[in-house]
Amino acid sequence: MTFINYAAREINCKIVYYGPGLGGKTTNLKWIFGKSNPASRGKLISLATETDRTLFFDFLPLDLGTIRGFKTRFHLYTVPGQVFYDASRKLILKGVDGVVFVADSQAARMEANQESLKNLQSNLKDQGYNLMKIPYVLQLNKRDTASAMALEEMKRQLLIKNEPVFEAVAHSGTGVFDTLKAIARMVLVELRKTA
Amino acid sequence: MPTSDIILLEEDFRVIRDLIQKLRNDANARVVCLVDRNGQQIACVGEAEALDTTALASLAAGNVAATDSLARLIGEKDFSTLYHEGEKDNLHLSIVGGKVILVVIFDERSSLGLVRLRVKKHAGELAAALEKMQQRSVQARSGKAGTSPFTDITDEDIDSLFGK
Ligand SMILES: Nc1nc2c(ncn2[C@@H]2O[C@H](COP(=O)(O)OP(=O)(O)OP(=O)(O)O)[C@@H](O)[C@H]2O)c(=O)[nH]1
Ligand SMILES: [Mg+2]
């Protein structure tokens with residue numbers, strides 16, 4: 001749900017990072033926060049457990065620049081990946097404009113990736129969205145791990161609609177901004193279609 | 001899309017801002033903000049300079065969303081207001097027009113009773129103004145009213161954002 005504010009001359013879009021627990025969603029936002037110009041970003045808000053697992057959400061507001069005199073402002077959210085936080089995940093998806101799925105490349109986590117992807121599809125459906133129709137990007141994170149699965153195999157198991165795919169190592173920044181740019185671009189293009 | 005986009009025009013914004021300013025004065029509140037249920041800030045008035053209102057909006061919406069789910073869990077439709085009491089400052093959250101969250105921050109210069117009373121008094125007018133904003137958003141999307149500045153953005157416009 002984009003919010004076009006003529007009074008403040010800005011447009012706000014909501015992007016949600018989804019995926020299995022410990023996949024690196026929060027790490028993506030931390031990296032973006034650390035590398036963005038302080039003037040163009042707000043505080044990173046993390047509602048987390050004592051062990052740094054996301055409890056409700058992370059939130060980072062980020063200005064990407066100006067189009068036609070309008071500030072384009074993205075609200076980045078992560079969901080808690082742990083299975084039992086499903087009620088919270090549903091809430092975060094409300095009003096979403098684009099989704100980044102952060103998959104964990106470690107072989108042992110493939111089942112968790114698939115479960116989380118199914119969960120995303122059904123939670124979106126509950127909110128009246130169709131994953132096949134909304135801006136969507138797949139990030140294969142933790143490419144640096146010893147048990148990382150082959151790229152083609154991961155794609156075979158996780159691709160749902162020819163979405164852009166990015167390999168990432170989120171804690172050192174690889175692929176993080178490429179992923180963000182891709183989803184931001186898709187959301188803006190969508191805006192042109194529906195505007 | 002299930003939730004409709006919000007389009008806030010300058011004139012609607014002024015009406016809404018004036019209304020919450022009036023509420024702020026009447027209630028002796030420090031800050032009054034309007035936030036949509038998805039966490040977007042619509043308008044804020046008062047001693048808001050030192051306040052991160054973007055974060056406030058997101059957290060208020062998260063708070064309301066979570067308590068709404070709690071309400072449904074125990075068989076209530078929703079909790080129409082939330083109140084958080086601090087040592088100096090207090091936070092009063094309520095839903096106006098079913099869609100928008102009204103956030104009132106107040107200290108010892110006011111009281112919960114007064115805030116409740118004033119919120120009730122102004123809620124109707126505010127709901128009407130928001131309804132108008134809503135209608136305008138619907139019109140704009142069907143291309144009747146002021147069209148979006150984004151209908152004719154080009155690939156170059158988007159590229160320029162990313163410094164390509
Ligand atoms: N080796 C490696 N570790 C990573 C990578 N990205 C993140 N991590 C680590 O993985 C752990 C979990 O990362 P988080 O970002 O907290 O994971 P999350 O997806 O937010 O997890 P939940 O909040 O539980 O859903 C942290 O210790 C990160 O440092 C990566 O690319 N490679
Ligand atoms: Mg997390």
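A polar contact is a pair of N or O atoms within 3.5 Å; within protein, one must be able to donate a hydrogen and the other to accept it, and residues adjacent in sequence count only if both atoms are side-chain atoms. The model shown in these views is predicted.

**View 1. The interface of chain B and chain A.** On the chain B side, 42 residues are in contact with 42 residues of chain A. About 4000 Å² is buried between chain B and chain A, and carbon and sulfur atoms give 62% of this area.

**View 2. Polar contacts between chain B and chain A, and the chain B elements that touch chain A.** Eight residue pairs are in polar contact across the interface, both residues being at pLDDT 80 or more. Two or more residues on the side of chain B that touches chain A come from each of strand S1 (6-8), helix H1 (10-27), strand S3 (41-46), helix H2 (53-73) and helix H4 (155-161) of chain B. H2(B) gives the largest share of that side, eight residues. By residue class, the side of chain B that touches chain A holds 18 nonpolar, 15 polar and nine charged residues.

**View 3. A salt bridge between Asp52(B) and Lys43(A).** Two salt bridges are counted between chain B and chain A. One of them joins Asp52(B) to Lys43(A), with the closest N and O atoms 3.5 Å apart.

**View 4. Strand pairing between chain A and chain B.** Strand S1 (residues 3-5) of chain A and S1(B) run parallel and are joined by three bridges. In this pairing, Ile4(A) stands opposite Ile7(B) of S1(B).

Note on methods: Residues are numbered from 1 along each chain as its sequence is written. Chains are lettered from A and ligands numbered from 1 in the order in which they are written. This is a predicted model: local features need pLDDT of at least 70, side-chain atom pairs count only at pLDDT 80 or more; totals for chains, interfaces and linings use all residues. Side-chain values use heavy atoms; hydrogens and water are left out. Contact means heavy atoms within 4.5 Å. Buried area is the accessible area (1.4 Å probe) that two parts lose on being put together, summed over both. A salt bridge is a side-chain nitrogen of Lys or Arg within 4 Å of a carboxyl oxygen of Asp or Glu. Helices (H or I, at least four residues) and strands (E, at least two) are DSSP runs, numbered from the N terminus. Ala, Val, Leu, Ile, Met, Phe, Trp, Tyr, Cys and Pro count as nonpolar, Asp, Glu, Lys and Arg as charged, and the others, Gly among them, as polar. Two strands pair if DSSP finds at least two bridges between them.
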